[in-house]
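Let's walk through this one together, starting with its pockets and ending with its sheet.

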Amino acid sequence: MSTATFNSICFNQGYLRKGAVKISKVKNRGQRVKFYVGEASVLSTKCMQSSEKNKKEVRIGLLGASGYTGAEIVRLLANHPYFGITLMTADRKAGQSMGSVFPHLITQDLPTMVSVKDADFSSVDAVFCCLPHGTTQEIIKGLPCHLKIVDLSADFRVRDIAEYEEWYGQPHSASELQKEAVYGLTEISREDVKNARLVANPGCYPTSIQLPLVPLIKAKLIEHRNIIIDSKSGVSGAGRGAKEANLYSEIAEGIYSYGVTKHRHVPEIEQGLSDAAQSKINVSFTPHLMPMIRGMQSTIYVELSQGVTIEDLYQQLRKSYEDEEFVKLLDKGVVPRTHNVRGSNYCFMNVFPDRIPGRAIIISVIDNLVKGASGQALQNLNIMLGYPENTGLLYQPLFP
Ligand SMILES: NC(=O)C1=CN([C@@H]2O[C@H](COP(=O)(O)OP(=O)(O)OC[C@H]3O[C@@H](n4cnc5c(N)ncnc54)[C@H](OP(=O)(O)O)[C@@H]3O)[C@@H](O)[C@H]2O)C=CC1
Ligand SMILES: CC(=O)N[C@@H](CCC(=O)OP(=O)(O)O)C(=O)O
């Protein structure tokens, strides 16, 4: 294989930037090209591990590294050629190494986790904030202004502060920052994300729901009334903190609905849909906890606008997402499954005719920890810093 081909494979796999690294000679061991893709990955990983992490172009601070979304950021950044983690924080686990908290990450060369109050942000360019809502606003308002921030919590998603306070049952203490925040549903608000300093990364349920509905509402293909959303999440959506309700014996062999009529994602979902409609939309939304670790499905029941067909809905979604790397409309009749997006940044969706005329059923699936959290967060930071949007996100779904 020629050096050019090898470099091109590395580049296409997201391991190298064109022209950034020169590999002068690659031995041809008589194997197939597939072998060299693996070889490229090994070589580049070695390259990354041996180079000092703070020599990467962008120095990342990871707040809440000891939680599930923090660990997922570490997993994704392991293959990111430009972002290196130079600061990690934790609360109860401050003082510990990432490998001791998450043994699956033991091979990563990472700083010891410190408490936020001991964190030094002078050697950090950008931050992923993976903290609980409420705590987040207090911490973000104290961060230096030079930092680009992607916040995975709910604190800056809802524009109306009174609405936030009502649904989250607590005062908002950073309303000025809220005004600056850009809601980062990437495929819908990419242009705004480009210039943002603070991005509010969407919730997992709102991501799976808005991706199919926003284009259909914008194109006036569905009625604003009677939108019914039934969503299901894996248990990792609740975070790593120990809770009685999330014990194996409480979750296994059953499902349960929670937050019925009052789940805190309702204002976020209605805000996004109402923006698309340019008028107020209310939805019926019920989330369910499923006996699985990762994954999320939203099944959405809608009424078609007068004279609109299922084919119109299908073609609109096709047109909206045909150039998107991470949002895929499946072939007609194919049912999206959480299994098929597990571990990846994809959202798979499809639309089906209901047996009741004039109604449609939409199904969308994501991995709650990737497109529903850390993957979309990385997609956003790539855009904010001018890197290819898919950098570090080329993981294929893990199946079975
Ligand atoms: N899990 C998911 O699928 C999704 C989660 N989100 C949101 O992302 C955020 C992180 O979620 P997730 O990773 O699941 O949560 P976890 O509960 O797994 O992790 C929370 C992290 O925050 C730290 N932390 C907790 N309290 C404090 C505090 N008072 N001061 C400083 N640090 C603190 C914890 O440290 P320690 O462990 O050391 O105590 C831990 O590192 C949340 O806002 C969540 O709602 C968004 C989309 C999806
Ligand atoms: C299964 C489960 O408990 N899921 C979480 C949603 C996870 C999420 O998206 O939380 P944020 O809005 O904080 O980002 C919940 O229902 O609260």
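**Pockets and sheet**

The lining of the second largest pocket splits into 14 nonpolar, 7 polar and 6 charged residues (Ala, Val, Leu, Ile, Met, Phe, Trp, Tyr, Cys and Pro count as nonpolar, Asp, Glu, Lys and Arg as charged, the others, Gly among them, as polar). A pocket here is an open set of points on a 1 Å grid over the protein atoms alone, where a 1.4 Å probe fits, with protein on both sides within 12 Å along at least five of seven lines; lining residues have an atom within 4 Å of a point. This is a predicted model: local features need pLDDT of at least 70 and side-chain atom pairs pLDDT 80 or more, while totals for chains, interfaces and linings use all residues. Residues are numbered from 1 along each chain as its sequence is written, chains are lettered from A and ligands numbered from 1 in the order written, and side-chain values use heavy atoms, without hydrogens and water.

The second largest pocket has a volume of about 560 Å³, the space filled by probe spheres set on grid points joined across faces, edges and corners.

The largest pocket has a volume of about 1,300 Å³. Closest to its centre, of 49 lining residues, are Leu-131, Pro-132, Ala-238, Gly-239 and Arg-240.

Now the sheet: 6 strands form an open, parallel one, ordered β2-β1-β3-β4-β6-β5 (pairing takes at least two DSSP bridges). β2 and β5 stand at the edges with a single partner strand each, so one side of each lacks a neighbour in the sheet.

How values were computed:
Helices (H or I, at least four residues) and strands (E, at least two) are DSSP runs, numbered from the N terminus.
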